[in-house]
Amino acid sequence: MENVANRPVEDLPFTPEVARETAPLYAKVAHVIPEIEWPVHAPYVAAINRLKRERGAVILGHNYMTPEIFNCVSDYVGDSLQLAREAARTDAKIIVQAGVHFMAETSKVLSPDKTVLIPDPLAGCSLAASITGADVRLLRQKYPGLPVVTYVNTSAEVKAESDVCCTSSNAVAVVEDIARERGADTVIMIPDEYLAQNVAKQTKIKIVAWKGRCEVHERFTAEDIRGYREANPGVVVLAHPECPPEVVAECDFAGSTSAMIGYVGKHRPGRVVLVTECSMSDNVAVEFPDVEFVRPCNLCPHMKRITLPKILHSLQTMTYEVTVDSAVAARARAAVERMLAVGKPQMLQAAE
Ligand code: SF4
C-alpha cells in the first residue's frame, strides 16, 4: 500500500483570485485559524471545492477534523453515525470520508452502491484495531447465548458478527432493549472497556466487556478534571464516555460528540471544557462564538492523518476506495439497522 505520508504535497499558490473566492469561508473560521495560516489552506480549499462540484462528490467531515476541513470543505459534519446516515441519504454517487477507516466502512455498509473514498487508508483507530471478527466468535463460544452489542467504532467484519450496534449516546437503551428481547440478564459489549463500564453504572443488565480503549480518551484523569475546575471557576465540564469512569464521574455531562454539541447549543454555558479530541473545541467554537472554550485536549493521530492536500489528491485520483464484501456488509447493515430501530438516543449522564 502506498505510504501517503511520504507523498510530496502539491504546492498551490495563494493568488488574489483564491483570496477572493475563499474570503467568506475565512470570515467563518477567522477566530480559530490565524490569518497567517490561511494562505496555506486557502488554495486547497478552493481547489477541493471546485473539483468536488465537478465530480458531483460530497465530503463527510467528522467532528474531530481540523477547522479548515470541518468548516471549509465538508458538506456534512457530525459523528460517525450521523455521517453514515448522510452518506445513505445523499444523491451524490461519490463520498469522501474525512474521518477514519471504520467510518468509511460504515458509510459503505449503509450505501453499498456508492463510491466511498478515504484520503488516507492508514487512518485507523485504537478501538477498531482492538478486536477482530474471530475474537467475537470466540467470545460467543465462551459465553453461549449472550447477545453481542457492538460500538460503532469497529470494522464492518466485527459489526457483521454482532447482534446489534450502539453509539455512545444510545448504548444504555440498546443494551436494555436487546437484553429484554433475548430474555438475558447479561450482554457482551465490545470493544470499549470504559464505555462498557460507564453503561454498566446506568443499568441493571450485567455487562461482559472487552479490553479495547480509545487512545485519546483513556489519557484523561479525574485529577485533570479537578485541575480544570480549579483553574477555571464555574467551568462546565463535558466528557466523552470513552473516558475512564472516574473521569465521567467528575464531569457535568457525558455524551457523544454530537450530544456535547447539543448540550452547548441548548445550555450556552459561559465557559466550557470539552474532554475529548482537540479539534472539537475549535469546531464548536465556530458555531457558538459567545461561549468561551477552555482547551486542554488530546490529539487523535489517526484523525490527523486526514489533511487538505490528501483530500485533494483523493478527489483527483479517486483513491482510496473503501470496499466491504457484500455478505459481510449485509450482516453489518442488519446490526446497524437493528440499533436504529431501538429509537431515540438517551444520554449517558443527564446534566439536569
Ligand atoms: S479518537 Fe479514539 S475512538 Fe476516535 S478514531 Fe481516534 S482512537 Fe479511535
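Predicted model: local features only at pLDDT ≥ 70, side-chain atom pairs only at ≥ 80, totals over all residues.

User: Great. How many cavities of 30 Å³ or more does a search of the whole structure find?
Analyst: The search turns up one. The volume of the largest cavity is about 300 Å³.

User: What lines the largest cavity?
Analyst: The lining has 28 residues, and Tyr64, Phe102, Met103, Asn153 and Glu242 are the ones nearest the centre. By class, there are 13 nonpolar, 12 polar and three charged residues in that lining. Helix 4 (80–89) and helix 5 (101–110) each contribute at least two residues to it.

User: And where is the ligand?
Analyst: The ligand takes up the space of the largest cavity. Around the ligand you'll find Tyr64, Asn153 and Glu242, as well as Cys125, Cys214, Cys300 and His302, among others.

User: What's the make-up of that shell by class?
Analyst: The shell around the ligand has eight nonpolar residues, three polar and one charged.

User: Switching topic: what is the volume of the second largest pocket?
Analyst: That pocket comes to about 200 Å³. Its lining is made of 13 residues, with Asn63, Phe70, Val77, Ile261 and Glu287 nearest the centre.

User: Which element gives the largest share of that pocket's lining?
Analyst: Helix 13 does, with four residues. Helix 3 (67–72), strand 2 (76–78) and helix 12 (257–267) are also among the elements that each supply at least two.

User: And how do the residues of that lining divide by class?
Analyst: Five are nonpolar, six polar and two charged in the lining of the second largest pocket.

Note on methods: Residues numbered from 1 in each chain as written. Heavy atoms only, no water. 1 Å grid on protein atoms, 1.4 Å probe; cavity = no way out; pocket = protein on both sides within 12 Å on 5 of 7 lines; lining within 4 Å. Points joined across faces, edges and corners; volume = space filled by probe spheres on them. Nonpolar A, V, L, I, M, F, W, Y, C, P; charged D, E, K, R; others polar. Near = heavy atom within 4 Å. Sits in = over half its atoms within 2 Å of the grid points.
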